[in-house]
Amino acid sequence: MHVDPTRVEARLQRFIRERLEPAVHRASSPLKVEHWSVPDEPVPFATAVAQGFTPTAPGWRWGAAWSTTWFRLTGEVPAGWDPDLVEITCDLGFTADRPGFQVEGLAHRTDGTVIKAVSPRSHHIPLPDETGRVVVYVEGAANPDVAGEYTFAPTGLGDRATAGGAPLYSLGEIALVLRDRVAWELLQDVRLLAGLARELPDDAPRRARVLRALERMLDLVDPDDVAGSAAAAREVLAPVLAAPANASSHRVVAVGHAHIDSAWLWPVRETVRKVTRTFANALDLMEEHPEFVFAASSAQQYAWLKEHRPELFERVRAGVHGGRFVPVGGMWVESDTNMPGGEAMIRQFTAGKRFFLEEFGVETEEVWLPDSFGYSAALPQIVAGAGNRWFLTQKMSWNQVNPLPHHTFWWEGIDGTRVFTHLPPADTYGSQLTPDELLHAERNFRDAGDATVSLVPFGWGDGGGGPTREMLAAADRSRDVEGLPRVEIGTPRRFFAEAEAEYPDAPVWSGEMYLELHRGTYTSQARTKRGNRRSEHLLHEAELWATTAAVRVGATYPHERLRRTWERVLLLQFHDILPGSSIAWVHREAERDYAAIADELTSIIDESLAALVGRGDSTLAADATTGAITERPDAARTVRPEASVNVSALEDGGYELANDRIRAVVDRRGRIVSLVDAATGREAVAPGGAVNRLVLHRDTPTEWDAWDIDAHYRRSAVPLDGDEPDVFEVTTEENGSVEVAITRSFARSRVVQRITLAPGASALDLAFDFDWHEQQKLLKLYVDLDVHADEVLAETQFGYVKRATHENTSWEAARYEFCAHRWAYIGEPGYGVAVANDSTYGHDATRMPRTGGGRTTTLGLSLLRAPRFPDPHADQGSHTMRVSISPRASVRDAVDAGRRLNLPRRSVTGGRIVEPLFTVESDSVVAETVKLADDGSGDVILRLYESLGGRGTAVVAPRFEVADAERTDLLERPTGVRIDTSTEAPLELRPFEIVTLRYRRKG
C-alpha cells in the first residue's frame, strides 16, 4: 500500500500539536503567584525576599525593558499525585522562537539556593523539596529582544535611557503539573522519526518504512486516551528505531554547550545572570542524566559565578572534578583575535588557563572559539605556546564566497607552528540534534574520505537555557539508528584525541582564517578601539616601569592591581565588544571602563617612575620602547640649524615644509601632494595623488550594520578636499616643529587636520580631530604612493601578514577590507613607505595603472563609521586619531614607527638616569614585554619576537645581577632550555618566533 508522505506529515503535525503535546501533562494545579518589581538594578535574593509581594493575576502585563521582577510561587501538591512525576511549569511570557533574546528567569528555594533557570524551551522547575508544600522564588529578567527578526532597524532598546517603560511580557501558565512520561517519550520518538523521514530521499526504502510505522502509530493512538495508548504506540515505532546505522555511517561526538556572549545585545551585568541561569540548568540536567557532559568556555564567566553565586560555583567545581562539567577554551573570554595586540592575545590564554588550573586543577588543551570574526595568522603559535593542542571554530562556515576546503585540518601560523583544528560540519554551535542537523553534518563533511568523526555542540545559547532533556532524548535515540550518523555524547578532548589519532596526516591550511563577512568590525565604535589600543600600551608601560622599579630600587611590584586591570582589558576584547557590535549600553560602559583603566595604569606608571628617578629637578625622558630613563633637553631649547624645519609659502597658496631628512608640500586645498626623501630625492606621492585624502563613502550594508562593510561602498565616494578648507594656518612650535592646521566642514561634521614636521624627523605626522555626526557613512583616509607593490605588509600579533593589492582570485577579492595593527608597509625592491597609526584597525590596499606605465598603490585607513544597529548613535561626537608616514622606510622602520607612535616618551622630573633592565642588539628582534613572573617569585620575564619574517639573532644582555635564566612557555613554565648569561652569545630565533625568557635574580 502506497504511503503519501505529504498527507502523513500533515496528519502527524496536527496530531503532535493537538493530541500528543497536550498529553504530556496529565493534570495541572495553579499556583498562587505574587510579585515585587525591583525599582532599579538587580538585587540579591536576600533583599528581594524581604520585600512586600503583591498578588498577581494570570496574564498580568509586566517587565519594562531591562527591569527585574521577583515572583513568589506557593501551593500544595494535590493529593494522589506521584511526587516523582510532579514539577512546576513557569511561563513568564515566553515566545518559543527566540530563546536567549527575551525574558529569562531563575528559580530559588527559600534558602536562596538555585534550583534551575526557566526559559522558552526549558520552563519546568523541579519541586524544591519533598514536603509537598511549594514555595519558590523566581527572579524574572525582562530583557528586550533588541534584534527582533534581524531587520536591523534602529532601536532605542539598547540603552536603558531610551528603552521606554512599557511592559513587554504577559504571564503565562504557572502551575504544578503531573507529567506523563510515556507520552513524553512517545513525543520524542515521533519527533526523531518524522525529522528523519523528511531528510531521506523520496525513493529510499528506509523512508517508506519510517512513514509506514508513523502511520500505523497514528492509527493506533486513541485521540480520546493518548496516555492510555502511548505505550502501545511506542511498541509500533520500536522496530524502526532499533534498526542499526550503516557500518560506514559518519560518527558525531555531541558536546553539551551554550554559547554565551559576554556582552552583545545585553550589558555585561546581564551576562553575569545568563551564566548563572545556564550553568544552573546544566547542573540540573546532570542530576537526571548521568551520560550528560557540558562544556563551557571563558574563565571570566566562571569568575563571575564564583563572585556572585559561590554556592553554585562549588557545584560547578564538583562537576568539573567528576568530569562532567568541562572547562574548555583556556581563554579569559572568547575574544576577538584580529585586533588584540600580541601581548594581550597571550594574556587571554595565560589568564584563562591559570584560572582553570588554580580553581579546578584542569589543564585545558582545546581552544574553543566558535563565534569570533576570523582568526589571526599569529594565533597557532600563541595557542601552542600556551600549552594547547587543538583548536575549534565554527564561524568560518559564514564565509560569503569561499568556503574553507576542509573541516578537519592542521592550521599553520606565520611562524610555521601547526595546531590540529576542527570546523564542525553541522555549521552551528547551538545544535538541537535534529535529524536535519545531523545529516547536514554527515553530508557536508569535506574530509569524509579520510576521517569518520566530527563534533557538534548542542544547546540553546545566550541565555536560552543551554541543552535540554529533549536534546538528550534525541541524542539517545540517534546513538545507532539507520539513516542517521552515530551520535555519542562526549567531551571535546575525547573528540580531538580520536580525530587526531585517525587523521594525523590531515591537510594543512596556512595563514589566517579570514572571515569573508563582518569586515566593519575593524572600524565600528572607534572610541572602544582607541580605548583598547591605549590600554594595551599603558599596560606595557606599567609592567615595564614597575619591574624596573622593583629591580632597581626594591619597590613593591603591584601584582594584584595589574592582574585586575589586565582582566578588565581582556573582558573588553570580547568578540562583540572590541569589534563594536554591541548595544549602546555596552559601549558607553566600555568607555567608562577604559577611562578608569587609564587612570589606574597612569598611577602605577607615575609611582614607578617617581621611585626610579628620585628627587631632583632635571627633566628626564622615560622611553618605554627601550626601558631607559635618559636626560632630555629643554623643549624650548634652540634647535640646531641642521635639524631645523624650514617652511616656505608657495605661489599656489600652499606651503613647503622641509627638515634635513624629508620635504613635504601641502597645496592650498590642504592636500599633501609631495613627500620627498632628502637623501635620495625619491618622491613618495603618486602623480596626481596625495597622502592625506579624506573621502566620505555611503555605508549601507545589506545586513549586519555594525558588523559589515560591503564592497559596494567603493561606488559612492565624496572627496573632502575638493575645495579650499575653512581655515588654513601654519605655526612654528617652541621645539622647532612646524604645524599646518587645516579645518574643514563637511556634511554635518567637522575635522581639524594637523600636519606636523619635527626637526630631524624621518616621518610626517598627521593628527585628526573629528566632530562626527554622520549616519551610515564611512570615512577613509587614503595614502596614494608612487610604489609598485603587489602586496602590503600589515602588522598582526608578533609579525605581519601580506595583503594583496590585486584581485586575481576570489580569495583575494573577498579581502577588500583587512585588519592591520599599528603599521602597514608598502614597498618595492629598494624603497618603501611605512604608515603607522595610533587607534585604527580597518585598512584596504588597491593599485591603479598610470599613463606611461607603472602603477599607484593606495593604502586606505578606515577611520570612522556610523552604523545604526545595534547602537543607533554609534561613533557620534568627538574623535582624535594620529597617523605617521615615513618615506624611504624599511620594514624594521615600520615596526619602530608603530611602537613610537603608540608608546610616546614621557617627561619626568627627578635626579637619576636609569639604565634599561635589558639591552637587545638585533636588526630584527624586538623586546615586547618586561614584567615580573606571575607566581610572585620576583623572577624577571622578558618576551621577545622576530619581527621581519626571517631568521633572527639577538644579543640579549641583562643589566642586573642574574643567578640563572631559562626559556619558558607562555605561562612561564620551564621548557628545559637554559640560557647562558655569562656570555653574550646570540639568541637564535626562527621567523616570527616568540621567545619567553625567565631570569632569576641573585640574592
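Student: Why is Arg803 called buried?

Tutor: This is a predicted model, and in it Arg803 has a relative accessible area of 6%. Buried means under 20%, so Arg803 is buried.

Student: What makes Glu512 and Arg803 a salt bridge?

Tutor: Their side chains meet at 2.3 Å, N to O. The cut-off is a side-chain nitrogen of Lys or Arg within 4 Å of a carboxyl oxygen of Asp or Glu, so the pair counts as a salt bridge. Glu512 is in the loop between β22 (508–510) and α14 (526–553), whereas Arg803 is in strand β37 (residues 799–804), 291 residues apart. Glu512 also counts as buried, at 11% relative accessibility.

Student: How do you know that Lys32 and Glu34 form a salt bridge?

Tutor: The N to O distance between their side chains is 4.0 Å, and the limit is within 4 Å. Lys32, at 48% relative accessibility, is partly exposed, because exposed begins over 50% and buried ends under 20%. Glu34, at 8%, is buried.

Student: Why is the pair of Glu21 and Arg191 said to tie together separate parts of the chain?

Tutor: Their side chains meet in a salt bridge at 3.0 Å, N to O. Glu21 lies in helix α1 (residues 5–23) and Arg191 in helix α3 (residues 181–199), so the bridge joins parts that are 170 residues apart in sequence. Glu21 is partly exposed at 36% relative accessibility, and Arg191 is partly exposed with a relative accessible area of 36%.

Student: How many salt bridges does the structure hold?

Tutor: There are 92. Some are linked in a network, with Asp40, Glu139, Arg160 and Arg273 among its residues.

Student: How do you know that Asp710 has no salt bridge?

Tutor: The nearest side chain of opposite charge, Arg519, is 5.4 Å away. A salt bridge needs a distance within 4 Å, so Asp710 has none, although it is buried. Asp710 sits in the loop between β29 (693–698) and β30 (717–719).

Student: What lies around Asp710, leaving aside its neighbours within four places in sequence?

Tutor: Asp710 is in contact with Pro701, Thr702 and Tyr816. A polar atom of the Asp710 side chain is 2.8 Å from the backbone nitrogen of Thr702.

Student: What makes the phi of Asp462 worth noting?

Tutor: Most residues other than glycine have a negative phi. Asp462 is not a glycine, yet its phi is about 55 degrees. Its place is the loop between β20 (453–458) and α12 (469–477). At 7% relative accessibility, Asp462 is buried. Glu972 also has a positive phi, near 65 degrees, and it counts as buried at 5%.

Student: Why are β3 and β8 called edge strands of their sheet?

Tutor: The open sheet has 6 strands in the order β3-β2-β5-β10-β7-β8, with antiparallel pairing. β3 (54–55) and β8 (114–118) each have a single partner strand, so one side of each is left without a neighbour in the sheet.

Student: What makes β5 and β10 a pair?

Tutor: Two strands pair if there are at least two bridges between them. Strand β5 (residues 67–76) and strand β10 (residues 133–142) have 10 bridges in the antiparallel sense, so they pair. Thr74 stands opposite Val135 in β10.

Methods: Residues numbered from 1 in each chain as written. Predicted model: local features only at pLDDT ≥ 70, side-chain atom pairs only at ≥ 80, totals over all residues. Heavy atoms only, no water. Helix = DSSP H or I, 4+ residues; strand = E, 2+ residues; numbered from the N terminus. Buried < 20%, exposed > 50% of the residue type's maximum accessible area, 1.4 Å probe, protein only. Lys, Arg positive; Asp, Glu negative; His and termini not counted. Polar contact = N/O pair within 3.5 Å; in protein donor to acceptor, adjacent residues only side chain to side chain. Contact = heavy atoms within 4.5 Å.
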